[in-house]
Amino acid sequence: MYYLMKLFLSLSLFFVGINGAVGSNQHSQPNKNPKLFVFGNSYADTGNMKPNAVSWKPPYGITFPGKPSGRYSDGLIATDFLAKQLGAKLPYLWRTHGKNKVKLNRGMNFAFGGSEVFDSPVDRSPNISTQVGFLVNLALARRVYTIDGDLASSYALLSYSGSDYYAFIDQNPNMAAYPAFVEFIVEDIQYSLGIMNGLKFKNIAVTSLHPLGCLPRVTVASSFQSCNESYSDLVRLHNEALKKAVTKLNKEDKFRTKGDRFVIVDLHKAFMAVLEKKGSKRFKTPLKPCCEGDCARMDMKGAKKYTLCNDPKSAFFWDEINPTQEGWRSIYSLLGKSLTESLTNG
């Protein structure tokens, strides 16, 4: 089923390319109101999950907007900060606007918390290539977005936070198994990026893999005192493979005559700068989450299965995986101008 879906997307891309080439005489013009399209998981999801997801339960959203908003944090996340840096309005949600049949003046967020490259037997969130397929279908319909009229002047973000690797690392402590699995993951990301390239986005950003061994779900074993270096080799392999894939995509890009369409958002470097206390803001205990335990969950008697810090601004991580609003702010202040210029040039 998975490979049939990929075949369908590839055929759809072919027809999208034809429509984009002959369906319009418009040329991409500088856009004063750029659109942002987002694919990925909890690092990018601003509210696509169903109401029973933890992102819709207190204390999520405690900082912004003061109640749960579907974001996996106490407040704003990566998508919010990137949209602001690009001067784009926050994208509409696929959940609320995916069936729209008239033109939209904003981009769309297709990201779902818990989404992976491969289908998860537990979580039913659409995987990343399926999310890209949602936009392909909208582009084929030509009612909501057109390729030359909308997408060619828009930006896209593919955010991957390594969900596929968690169980794999637990089950495969021997590094000998890492290269083949990393190759599968990066090949699929490259496939999705290739489909996105056929949609002729002005620029496409893809995130590097952050230090998985520094996530609270891992550092809890050391009482949040140190990162687990056993994850470093896998993260290094992933980021090296991703860099090669992006280089190849830029080299083979048939639609771009000047500059690179694909840009890597170096989350790994930014995370490490903050966690090593070299960032724009120094967090006292950067590896300890603000919402410690089974965040937003209650036991059978209604007692909280988590504890909450006094001030989310003092914490880099919100829960066992996701940064706080202040954490994301520190990340994007480090990425800052150089990322914006990389995306807007060309």
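A disulfide is defined here as a pair of cysteine sulfur atoms within 2.5 Å. In general terms, a disulfide is a covalent bond between the sulfur atoms of two cysteines.

The structure before you is a predicted model, in which local features need pLDDT of at least 70 and side-chain atom pairs count only at pLDDT 80 or more, while totals for chains, interfaces and linings use all residues. Residues are numbered from 1 along each chain as its sequence is written, and side-chain values use heavy atoms, with hydrogens and water left out.

Let us begin with the overall picture. The protein has ten helices and eight strands; these are DSSP runs, helices being H or I of at least four residues and strands E of at least two, numbered from the N terminus. Of its 346 residues, 54% are buried. Buried means under 20% relative accessible area, exposed means over 50%, and partly exposed lies in between, with a 1.4 Å probe and protein chains only.

Now to the disulfides, of which the count is three. Counting bonded cysteines along the chain, they follow the pattern 1-2, 3-6, 4-5.

The pair Cys214 and Cys227 has its sulfur atoms 2.0 Å apart. The torsion about this S-S bond is about 110 degrees, so the disulfide of Cys214 and Cys227 is right-handed. It links distant parts of the chain, 13 residues apart: Cys214 lies in the loop between strand 5 and helix 7 (216-219), and Cys227 in the loop between helix 7 and helix 8. Cys214 is buried at 4% relative accessible area, whereas Cys227 is partly exposed at 24%.

Cys290 is joined to Cys309, again by a disulfide, with 2.0 Å from S to S. This link of Cys290 and Cys309 is left-handed, with -85 degrees about the S-S bond. Cys290 is buried, at 2%, and Cys309 is partly exposed, at 23%.

Cys291 and Cys295 form a disulfide as well, at 2.0 Å. Its torsion is about 105 degrees, so the disulfide of Cys291 and Cys295 is right-handed. Cys291 is buried at 1% relative accessibility, and Cys295 is buried at 6%.

Next, please look at strand 5. How many of its five residues are buried? Five of the five are, and the strand is thus described as mostly covered. Asn203, Ala205 and Thr207 point one way, while Ile204 and Val206 point the other way. Strand 5 runs parallel to strand 4 (residues 155-159), with four bridges between them, and Leu158 stands opposite Val206. Strand 5 is also parallel to strand 6, again through four bridges, where Thr207 stands opposite Val265. Two strands pair if DSSP finds at least two bridges between them.

Finally, consider Asn322, in the loop between strand 8 (304-308) and helix 10 (325-344). Is Asn322 buried or exposed? Asn322 is buried, with a relative accessible area of 4%. Not counting residues up to four places away in sequence, Asn322 touches Ser42, Tyr43, Tyr72 and Phe317, where contact means heavy atoms within 4.5 Å. Asn322 and Tyr43 are 279 residues apart in sequence, yet 6.7 Å apart from C-alpha to C-alpha.
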